[in-house]
Every structure is written in C-alpha cells, then in structure tokens.
Amino acid sequence: MTDTSPKLTRRHDFVLFFDVTNGNPNGDPDAGNLPRLDPETNRGLVTDVCLKRKIRNYVELAREGESGYRIYVTEGAILNEKHREAYVAERGDSAEVRGAKKLSPKSDEEAKRIRDWMCDNFFDIRTFGGVLSTGINAGQVRGPVQITFARSVEPVLPLEVSITRMAATSEADKKQRDEGSGDDERTDNRTMGRKHIIPYGLYRAHGFVSAPLASHEVKGTGFTEADLALLWEALGNMFEHDRSAARGEMATRRLVVFEHDSKLGNAHADALFDRVKVWRKRPDADGSDAANRHPIGAAETDNWGPARSFDDYVVTVDKDNLPPGVKILK
Amino acid sequence: MGVRLHVWGDLACFTRPELKVERVSYDVMTPSAARGILEAIHWKPAIRWEVTHIHVLRPIRFRSIRRNEVSDKASVANAKKAMNAGTTAGLGIDVTAARQQRAALVLEDVAYVIDARFHLTERAGAEDTAQKHIAMFTRRAAAGQCFHQPCLGTREFPASFRLLGQDDPLPASTLPDADRDRDLGYMTYAPGYPGGPPATFFRARLADGVLDVAALTREGLLA
C-alpha cells in the first residue's frame with residue numbers, strides 16, 4: 001500500500017444527518033419498495049448496509065485505480081477470485097494455487113499475511129471488515145468502522161405517485177391494447193407505474209470508529225488517519241454521486257465528529273450523542289434564537305405544517321462541559 | 001468477585017442457530033452475546049468471563065427487517081469460468097446471482113443488566129491478578145472506554161452501557177408480569193467452532209425477569 005500515514009490511534013464517534021426531498025432513500029423489499037418505516041412510530045429507516053454501499057461507491061469513484069483503495073464488495077468480480085489473488089501474491093502464481101478449489105492457510109503466519117494483504121489492498125475491508133472465509137479461506141476481519149440504522153427525526157409520510165409511460169413494454173402488450181380500443185396511439189401504448197417518495201425527511205445515523213481495530217497489532221486492519229479523512233469526505237459527498245430517479249434529492253446536512261484523545265475513548269458514546277439535538281423551527285424564523293425553536297413533538301408545534309426542508313430544523317451541539325479528552329471536530 | 005453492567009439499545013439480534021439464514025432472534029440476550037459485550041470492554045487471554053445472570057428490563061418485542069445481502073459463498077463454477085475467460089468482468093455481488101434478500105426478525109427496544117464474574121485461565125501470568133482485571137474493567141466501563149463499541153448481537157445494533165455498582169439498585173423494569181416467568185426453551189450457551197469445542201445449549205427460563213445462567217447451567221449443558 002502506498003499510503004504511509006499513521007494508523008488510527010484515537011477513537012471517534014459520529015452523528016450523521018442527511019435529508020431526502022421527494023425521493024425514496026431506502027426501499028423495503030418486504031413492502032414493495034416502499035420507503036422503510038418503523039411501523040410503530042412511522043419514522044423512516046435507512047439501513048447500515050445502505051449507507052455503507054454509498055461509502056464504497058464514493059471511494060471507488062474518488063480513488064479509482066489507486067492502489068490500496070480497491071473495493072472488495074463491488075460490481076464485476078467474484079469474491080473467491082479476490083481471495084485467490086491473495087494466495088497468488090503469497091505463494092506465487094502456480095498452477096496449483098490457480099486450480100485449487102479450496103485453499104486454507106498452511107499456518108497462522110500465512111493466514112495473517114493473506115489477511116493483511118486483503119486489508120492493504122481493499123479500502124472497504126480495512127474499514128468495515130468482512131467475512132473472507134468463503135470457499136477459499138482468507139480469514140475474518142472485523143473493521144474499525146461500525147454504522148447504525150439511520151432514523152428520521154420525525155415521522156415521515158410516504159406518498160405513492162402514479163406515473164405513466166408512453167410506450168408498451170413488449171409487442172404482446174401493444175397487440176393486446178390495439179385489440180382493446182381504437183384510440184390514438186399515445187393512449188394505446190401507455191403503461192402505468194408507481195414511485196414511492198417521501199416529501200421530506202431528515203435522518204440521523206450514529207457511527208463508531210474503534211481505534212484498536214485499526215491499530216492493534218493482531219486484530220487491527222491498518223486503517224489510517226488518511227483513511228479516516230477519506231471516510232469523512234465520503235460521508236459528506238456520498239449522496240452527490242448517488243443520483244437516480246428513485247432517490248430524489250438527498251444530501252448530507254451535518255456531520256458531528258467526537259474525537260477522543262485515547263485509543264479506548266474518554267466518554268460514553270451515548271452521552272456524547274445526547275449532546276446533538278434536533279429542534280423544529282419556523283422556516284422564516286432565525287434559527288439562532290432559542291425562543292424560535294422547539295423540541296421535536298412539542299405541543300407548541302402541533303399546528304405547524306409538516307417539515308418540508310432543512311430550514312424547518314435546527315441541529316445544535318452542546319459544547320459546554322465536554323468530558324476531558326473529547327474534542328468536537330465538525 | 002463480580003461485575004454488573006447495564007446495557008441497552010434500539011434494536012438487537014441474538015440469532016438462533018437453527019434459524020440463521022433468515023435470522024430470528026432469541027427472546028432475550030444469550031450468555032455468549034453478553035460475554036461478547038464484556039470482552040468488547042476488557043479482555044485478555046489471561047481471563048475468561050462467565051455470565052451468571054441476565055436481567056431483562058423491557059418487554060420482549062419483535063420486528064422484521066429485510067435487507068439485500070451477499071450470498072455466503074461465491075460459486076466455484078463461476079470462479080472457474082471467470083478464470084478460463086481471464087476476466088472477472090460481469091460477475092459480482094450486485095448482480096442477482098450473488099444477491100440474497102434476507103429477512104431478520106429482531107428485538108426492539110431492549111435493556112438488560114448483566115451480572116458476570118471471570119476466571120483466570122492457564123494463560124495467566126504471575127502479574128495477572130483478579131484485582132488487576134476487575135480494576136481495569138470497572139475503570140473502562142465507568143469511563144465509557146471500550147476496545148470496540150459493544151453490540152447487541154450484530155454490529156449494526158450498538159449497545160450503550162453503564163457500569164452498576166454491586167449495591168446499586170437495578171434500573172426500573174417495564175417487563176410485563178405475563179413475561180416475567182417464561183420457559184424460553186433451549187438456548188445457546190456457547191457457540192461451537194470447527195476444530196474447537198462443540199456448541200453447548202441450556203434450558204433457559206426467565207424467573208421473575210431474570211435468566212439465572214449460573215443455576216440453569218448447573219442443571220446441565222447439552223452439547
């Protein structure tokens with residue numbers, strides 16, 4: 001790996017806010033691709049794997065072709081083939097290695113070298129870890145970065161939008177319609193579909209970067225300070241490169257990072273996360289004025305309209321009396 | 001000498017080994033999951049944690065989540081084909097072949113108190129005393145330090161934790177009376193490893209909201 005920046009030795013915890021306007025941030029395969037909802041509270045959900053996919057995609061785009069920044073879980077490759085590359089790098093390119101159906105490390109040292117090779121070459125393994133013990137065994141890796149499900153800060157209302165397309169899917173469709181009515185071609189060939197959107201939703205996700213899993217001599221993946229900077233960059237920009245008809249407008253709104261000055265940390269993560277609060281405010285009010293904002297769900301906001309933009313919210317970070325050894329980075 | 005730790009979180013998945021493709025969680029935290037939480041805070045090869053009690057503090061509620069996942073093993077036939085063609089193009093996890101949609105039945109809004117003690121193992125050196133390790137654990141747990149953020153079964157469900165003193169009152173419990181005494185059937189005590197010890201199970205019962213692991217495992221473990 002060309003990256004020579006030091007391995008990460010400080011724990012970080014972060015809160016990520018992102019929003020969606022007229023889009024579907026994460027479809028639920030169990031509900032016909034409706035946006036994921038918590039059925040008890042009607043708050044929206046975005047899974048951890050959905051966010052990790054976007055981080056991978058961003059890094060793949062931003063660091064295309066750079067050594068040490070390949071993405072393991074991606075389009076266009078079979079996982080076992082990548083394990084095999086590790087074996088080829090380790091044992092030399094021989095017919096035996098190329099042809100074997102199952103390979104297991106001959107010794108603990110070899111297992112470690114193969115694991116390190118995978119970590120050095122693939123950003124996502126270094127970051128999130130991975131189960132590499134498929135048919136061809138390259139061991140398991142637990143990565144330092146752990147991301148939770150994101151939840152919307154208020155209940156969201158999914159809308160079903162019916163859309164039409166001025167063309168038929170197949171010849172058979174067209175024929176069937178032609179036999180039906182004698183209307184003009186435009187209406188004949190029309191097919192209908194539906195999209196699910198959330199008019200507006202602000203989502204909050206929590207994440208953890210455990211330094212020992214980066215720099216521990218046995219368990220660490222070698223995740224570096226530069227990798228961390230790339231992770232923050234990815235969290236900031238991942239939605240900019242994930243545009244699609246389904247997503248609508250999505251954007252990272254705020255990333256709050258708590259940096260501990262030790263490997264194991266200096267405070268409880270949940271206590272730090274509690275310092276980050278979201279409030280409702282009137283869109284025309286100045287958010288800096290505490291009198292203009294109310295807690296989510298407060299009685300004062302009962303007759304307010306639904307939130308439709310980030311201007312309807314204020315995110316505050318309580319910086320008073322931070323536990324010693326904890327810094328707020330952004 | 002024991003420790004007492006309060007842990008809680010939004011979601012949890014303590015997967016039943018017999019239902020692990022489409023994961024179904026046990027009703028309550030397993031002793032091995034509790035051990036994993038303790039080990040995330042402090043562990044050395046010199047010690048082995050033993051969970052004695054798990055106090056269940058919230059109602060047992062489930063929720064289903066379906067996600068796109070990667071199938072556990074890429075096919076050898078495809079690998080060979082790609083090798084012969086000399087390219088890996090067109091094969092991968094985003095295509096339908098390697099994609100699986102799997103539902104998980106997970107627990108919602110959980111909180112537990114774990115009572116545990118530890119034993120020194122044969123790898124303990126002269127400098128490894130029980131006092132030293134208990135002091136390290138309590139110092140870390142009280143300060144919110146951890147080797148890595150502990151989780152409730154799987155890593156996307158992080159656990160928040162607070163150290164409780166031996167004499168501190170238990171946090172308030174909202175477990176309904178109907179759930180306080182329940183036979184939970186056979187539950188994993190410790191998972192097995194290939195080439196290692198086999199998986200062990202015990203008959204889990206909630207008695208007044210407490211899983212008395214020490215007493216139940218004295219009744220016998222099933223291998």
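1. The largest cavity comes out at about 50 Å³. Its lining has 13 residues, and the closest to the centre are Arg58(B), Pro59(B), Ile60(B), Val110(B) and Tyr112(B). A cavity here is a set of points, on a 1 Å grid over the protein atoms alone, where a 1.4 Å probe fits but cannot get out, and lining residues have an atom within 4 Å of a point. Points are joined across faces, edges and corners, and the volume is the space filled by probe spheres set on them.

2. Keep in mind that this is a predicted model: local features need pLDDT of at least 70, side-chain atom pairs count only at pLDDT 80 or more, and totals for chains, interfaces and linings use all residues. Residues are numbered from 1 along each chain as its sequence is written, chains are lettered from A and ligands numbered from 1 in the order written, and side-chain values use heavy atoms, with hydrogens and water left out.

3. Which element gives the most to that lining? Strand 4 of chain B (residues 99-120) does, with six residues; strands (E, at least two residues) and helices (H or I, at least four) are DSSP runs numbered from the N terminus.

4. By class, the lining of the largest cavity has eight nonpolar, five charged and no polar residues. Nonpolar covers Ala, Val, Leu, Ile, Met, Phe, Trp, Tyr, Cys and Pro, charged covers Asp, Glu, Lys and Arg, and the others, Gly among them, are polar.

5. The second largest cavity is about 40 Å³, lined by Pro31(B), Arg35(B), Trp49(B), Glu50(B), Val51(B) and Tyr189(B). Strand 2 of chain B has the largest share, three residues. Four of the lining residues are nonpolar, two are charged and none is polar.

Conventions:
On a 1 Å grid over the protein atoms alone, a cavity is a set of points where a 1.4 Å probe fits but cannot get out, and a pocket is an open set with protein on both sides within 12 Å along at least five of seven lines; lining residues have an atom within 4 Å of a point.
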